[in-house]
Amino acid sequence: MQHSSIHWFRKGLRLHDNPALLAAATDCCCLHPLFILNPSSSQAGTNAQRFLLDALQDLDGSLQKIGSRVLALNEGKAPLTYKRLQSLLATLGPPEKPAPALTQEHLQGCHTPCQASHDTDYGVPNLEELGQDPTNVGPHLYPGGETAALTRLDALMERTAWVCSFQKPRTAPTSLSPSTTVLSPYLKFGCLSVRTFWWRLDQVYQGQQEHSQPPTSLHGQLLWREFFYTAGASIPNFDRMVGNPVCLQVDWDNNPQHLHAWREGQTGYPFIDAIMTQLRTEGWIHHLARHAVACFLTRGDLWVSWEEGLKVFEELLLDADWSLNAGNWLWLSGSAFFHQYFRVYSPVAFGKKTDRDGAYIRKYVPILKDFPAEYIYEPWKAPQAVQERAGCLVGTHYPQPIVEHGVASKRNLGRMKVAHARKGNKSPMRHQAHFTSSCHLSCLSLPQAPSESHWLVPQWPNHKGKSPRPRGSEPHKDVQAVVSYGSCTTCPVLTHFAQPPCINPFPSPSLRLATWLLPPPQKSTPTPSTCPKKVCHPPT
Ligand code: FAD
């Protein structure tokens, strides 16, 4: 059977007399020759490091002559800007085509053992059986599952003009039916393959004279997903402030009352409260609505830590996805990626841009539905008589604003300046993210790595932060992933290292990347003497 091979060069930086390399390439449809640079923990001086780099250049040159390349990996550093991601992707070529769907034909001669008591013993439970109150759920707008995902995708892809002209900033947070795809819950649960989505978009783009481009196009949105997955997999403590090397350290307030009011849609700002109500009841809100409430909770108004907002989103969003949630909260709170912290969303003016009359507020905060448009975003400014006519007295039926936006945002701007000043000239972006997982080689032989398609593009960041995975290499398609261990001269193909299980630091599908971003070799990395077949020679 043809297989893909990973040949890990450690010593043995040569083509001649290298049986492990030879064996890795034999019957192989896709060869990944790796070298892992580990400068931070290397004891070697400059001269020795130069010698090593010479050797790698030479090896790369020799491999190029025969149609291959060295992949020099450096502790899994991720691109920290969208532009950088784009230039890496340009070197990778398009993502893999989706694998064909499983059909009855595949299952011929194969059965799943099922007993008569299957439904009782192993059937999918209902909400009550999970200890949830079924009366607590909101409208069933987005039913889960692959069937719903593919139906939704089909319907969207019929709208050629909409797909081709899609520009995210032109979509509205206030529209009463979604102005973006709402495929995020399906992508999060993997009911929809991201590669399927990508290639269906590609089909729609084909044959059209013009279509929008990343970062604002739908392809561009999927690349944002890649961006945050990659960052989440390689930046330690990505979902918290302390210990996160790209995160601005800020003295956020501990204010449970403000946090509670924000979560419950009781801030006294109708636009913010409408968004939080939509989130609580329906489980999905538009991206720019997420911007508005995230900014309001953090640097804009309430000065509550983004980590608290992340937890609320984690609970309430249908699409809550660890890397995407953390990455976007870092962004919106001005803690990482985005540094124009002086640009703050107004909880009054922002919604008005796309909904002057306040239809969105009337829908989600119905107590305000009879306010005239003039006051719908600021009901506390309405004269008493207007409030009485609307049947809602501010301070009695609907809260007064919990902060004065003008005052709070000005004060917070000052506090952001202090946080930046404390950091001095060291921009968070200049920190290098290091991969600190203790996941090691066993991850590579890994049945789990290639099996799912959470990833559009498997990443192979190298020592320059580039990811030049060679065209045609197809880790997702591996029939059998084989690791050949470069120091082992007579036992080149080891697939069963007896090792402790790989520790997964990522409580989300970003594990997929953890398995593709190579960590530096760990102490527990098997040496030839641990070769289970006991036939390896010492390293050359
Ligand atoms: P579309 O505009 O139709 O985009 C298509 C797909 O592209 C999305 O389904 C999503 O997979 C991806 N995408 C779009 N925007 C982004 C983005 N900014 N970052 C990463 N991927 C993106 N998205 C999540 O899926 N899960 C989260 O937990 C999540 N948390 C967020 C938290 C905050 C504070 C913010 C500001 C944004 C968050 N997002 C999250 C990103 C974004 O808001 C949603 O992906 C998007 O609104 C989903 O709606 P859609 O499917 O209609 O998106």
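Q: Which ring does the charged end of K97 sit over?

A: A charge sits over a ring if NZ of Lys or CZ of Arg is within 6 Å of the ring centre and within 35 degrees of the ring normal. The charged end of K97 is placed over the ring of W199, at 4.4 Å from its centre. R159 likewise lies over the face of W162, 4.4 Å from the ring centre. This is a predicted model, in which local features need pLDDT of at least 70 and side-chain atom pairs count only at pLDDT 80 or more, while totals for chains, interfaces and linings use all residues. Residues are numbered from 1 along each chain as its sequence is written, and side-chain values use heavy atoms, with hydrogens and water left out.

Q: Where do W224 and F227 lie?

A: An α-helix has 3.6 residues a turn, so residues three or four places apart point the same way. Both W224 and F227 belong to helix α9, three residues apart, or about one turn of the helix. Helices (H or I, at least four residues) and strands (E, at least two) are DSSP runs, numbered from the N terminus. W224 is partly exposed because its relative accessible area is 22%, whereas F227, at 1%, is buried. The terms have these cut-offs: buried is under 20% relative accessible area, exposed over 50%, and partly exposed in between (1.4 Å probe, protein chains only).

Q: Which rings are linked with W224 and F227 into a cluster?

A: Ring pairs link Y82, F228, F238, W322, W331, F337 and F338 with W224 and F227 in one cluster. 

Q: At what angle do helix α3 and helix α9 pack?

A: Two packed helices are described by the angle between their axes and the distance between the axes. Axes are lines fitted to C-alpha atoms, for helices over the stretch in contact, and angles run from 0 to 180 degrees between N-to-C directions. Helix α3 (residues 82–92) packs against helix α9 (residues 218–234) at about 100 degrees, with the axes 10 Å apart. The two helices are therefore roughly perpendicular; angles under 35 degrees count as roughly parallel, over 145 as roughly antiparallel, 65 to 115 as roughly perpendicular and the rest as oblique.

Q: Which residues of α3 and α9 meet?

A: Contact means heavy atoms within 4.5 Å. From α3 come Y82, L85 and L89, which meet G220, L223, W224, E226 and F227 of α9. By class, this contact has six nonpolar, one polar and one charged residues. Ala, Val, Leu, Ile, Met, Phe, Trp, Tyr, Cys and Pro count as nonpolar, Asp, Glu, Lys and Arg as charged, and the others, Gly among them, as polar.

Q: How many residues of helix α14 are buried?

A: Helix α14 (residues 322–332) is mostly covered, with eight of its 11 residues buried. Among them are W322, N325 and W329. The cover of the buried residues includes α9, α10, α12 (287–300) and α13 (306–316). Just after α14, G334 has a positive phi of about 75 degrees.

Q: Which backbone values deserve attention at D17, W303 and P215?

A: Most residues other than glycine have a negative phi, and most peptide bonds are trans. D17, which is not a glycine, has a positive phi of about 45 degrees. D17 is in the loop between β1 (3–9) and α1 (19–25) and is exposed, at 59% relative accessible area. W303 also has a positive phi, near 55 degrees. W303 belongs to the loop between α12 and α13 and counts as buried, at 0% relative accessibility. The peptide bond from P214 to P215 is cis, with omega near 10 degrees, and P215 lies in the loop between α8 (194–205) and α9.

Notes
Phe/Tyr/Trp six-rings, centres within 6.5 Å; stacked < 30°, edge-to-face > 60°.
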